[in-house]
Amino acid sequence: MNDSSWQPEPVPAGPAYDAQVGPHTRPMPIVPDAAGRDFDDREARDRGVAADSGPLIRAETPPQEPMPSPPPPHAPQDASPPPKKRAGRDLRAAIGVGVGLGAVIFASLFIVKAVFVGVIVVAVVVGLWELTSRLQEKKGIKAPLVPLAVGGAAMVIAGYVRGAEGAWVAMALTALAVLVWRMTEPPEDYLKDVTAGVFAAFYVPFLATFVAMLLTADDGPQRVVTFLLLTVVSDTGAYAVGWRFGKTKLAPRISPGKTREGLVGAVAFAMAAGALCMEFLIDDGVWWQGLVLGLAVAVSATLGDLGESMIKRDLGIKDMGTLLPGHGGIMDRLDSLLPTAPVVWLLLAAFVGTG
């Protein structure tokens with residue numbers, strides 16, 4: 001018999017069928033599934049669906065992800081507030097040091113001029129020490145300090161006694177002394193060391209000599225006060241306006257904190273202070289000359305600050321020293337003063353003479 005032609009006989013339904021099949025051939029009871037459908041085990045097998053206890057139900061049931069466990073009822077919580085930002089410098093120390101320096105400067109200016117020249121010499125020597133120390137620490141450059149300190153002091157004194165001619169002669173002799181002094185050591189890095197030494201001689205003592213030259217005039221103390229006051233006012237105006245209105249960076253790669261709006265504030269403040277100083281402090285001065293002087297001071301002070309920022313960024317340091325609490329080092333206070341001194345001396349000489 002061909003299996004493909006065989007068909008199962010139909011199974012009768014009803015009570016008659018139950019009487020014929022007997023108790024041992026009774027069909028399996030109908031079991032409802034989880035969804036409420038009724039089917040027997042044979043139908044489940046034919047459909048490929050397992051019963052509740054079979055392995056297929058476990059295979060087809062998607063795995064249940066574990067519920068996240070709640071935190072302990074008494075788990076400690078970090079409720080401490082975020083740390084407050086602190087200022088980069090000690091404001092009280094900065095004000096105290098500034099007041100102390102101002103008292104020394106004004107007392108020496110208006111009592112004995114020669115004492116103020118000594119203050120300049122001390123500032124120059126300490127500034128040279130800071131600069132040469134940082135150069136050696138960060139770059140391995142050994143600019144000779146001894147000839148620089150001796151020549152720097154001689155430069156300031158020569159400028160006060162002999163004027164610009166004496167300052168230039170002392171500068172040339174200091175550069176020669178640096179070249180000779182470095183010859184006592186091995187020739188390696190000679191050019192680098194003497195170049196840094198000549199740069200230091202020009203940057204610190206030679207520029208500071210113009211402050212001593214301001215003092216030689218009859219109204220010398222007033223000229224020095226004008227020079228210091230305009231520089232401080234320029235820095236203050238730049239900070240105040242830049243902090244309040246500054247948005248456009250002036251030189252982001254050099255000094256990210258400086259803005260163009262701050263430069264405008266520096267110019268405005270310095271010009272106003274310059275007009276007042278020329279009118280009331282400088283003999284034969286005129287207010288419009290003070291406007292020109294204030295503009296020049298704002299520009300030179302900003303460039304001087306940017307110049308030292310370039311040096312410190314190249315060296316990878318924030319301050320040149322720690323001698324002045326709240327200020328850094330001496331060089332950190334001289335950065336805008338040094339390049340401004342020859343500008344003020346030159347303009348005052350042009351406006352009212354050097355006498």
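The legends below describe close-up views of a predicted model.

Residues are numbered from 1 along each chain as its sequence is written, and side-chain values use heavy atoms, with hydrogens and water left out. Because the model is predicted, local features need pLDDT of at least 70 and side-chain atom pairs count only at pLDDT 80 or more, while totals for chains, interfaces and linings use all residues.

View 1. Helices (H or I, at least four residues) and strands (E, at least two) are DSSP runs, numbered from the N terminus. Of the 355 residues in the protein, 38% are buried, where buried means under 20% relative accessible area, exposed over 50%, and partly exposed in between (1.4 Å probe, protein chains only). Among contacts with a separation of 6 or more, 67% join residues 24 or more positions apart, a contact being heavy atoms within 4.5 Å.

**View 2. The packing of helix α5 (residues 113–139) against α6.** The two helices pack at an angle of about 155°, with their axes 9 Å apart; axes are lines fitted to C-alpha atoms, for helices over the stretch in contact, and angles run from 0 to 180 degrees between N-to-C directions. α5 and α6 are therefore roughly antiparallel to each other, on a scale in which angles under 35 degrees count as roughly parallel, over 145 as roughly antiparallel, 65 to 115 as roughly perpendicular and the rest as oblique. The crossing of α5 with α6 is right-handed, the term for a near helix turned clockwise from the far one by less than a right angle, with left-handed for anticlockwise. Among the residues that meet are Val-117, Ile-120, Val-121 and Val-124 in α5, and Leu-148, Gly-152, Val-156 and Tyr-160 in α6. The contact of α5 with α6 divides into 14 nonpolar, two polar and one charged residues, with Ala, Val, Leu, Ile, Met, Phe, Trp, Tyr, Cys and Pro counted as nonpolar, Asp, Glu, Lys and Arg as charged, and the others, Gly among them, as polar.

**View 3. The contact of helix α7 (residues 190–215) with helix α8 (residues 220–245).** These helices pack at about 140°, and their axes are 7 Å apart, so α7 and α8 are oblique to each other. On the α7 side the contact is made by Val-211, Leu-214 and Leu-215, and on the α8 side by Gly-220, Pro-221, Arg-223, Val-224 and Phe-227. By class, the contact of α7 with α8 has six nonpolar, one polar and one charged residues.

**View 4. The crossing of helix α9 (residues 260–280) and helix α10 (residues 287–315).** Their axes come within 6 Å and cross at roughly 140°, which means that α9 is oblique to α10. The crossing of α9 and α10 is right-handed. Residues that meet include Ala-266, Ala-270, Gly-274 and Met-278 in α9, and Gly-290, Leu-291, Gly-294 and Ala-298 in α10. The contact of α9 with α10 divides into 12 nonpolar, five polar and one charged residues. In the loop between α9 and α10 lies Asp-284, whose phi is near 65°, a positive value in a residue other than glycine. Asp-284 counts as exposed, at 71% relative accessibility.

**View 5. The largest nonpolar core, with 62 residues.** A nonpolar core is a set of buried Ala, Val, Leu, Ile, Met, Phe, Trp, Tyr and Cys residues joined through side-chain atoms within 4.5 Å. Ile-120, Val-224, Phe-227 and Leu-293 have the most contacts inside this core, and α7 gives the most to it, with 15 residues. Not counting residues up to four places away in sequence, Ile-120 touches Val-156, Ala-208, Val-211 and Ala-212.

View 6. Phe-210 is buried, with a relative accessible area of 12%. Leaving aside neighbours within four places in sequence, Phe-210 is in contact with Ala-341, Pro-342 and Trp-345. Phe-210 and Pro-339 are 129 residues apart in sequence, yet 9.6 Å apart in space, C-alpha to C-alpha.

**View 7. Ser-336 in the loop between α11 (330–334) and α12 (337–352).** Ser-336 counts as buried, at 3% relative accessibility. Apart from neighbours within four places in sequence, Ser-336 is in contact with Thr-231, Asp-235, Ala-301 and Asp-305.
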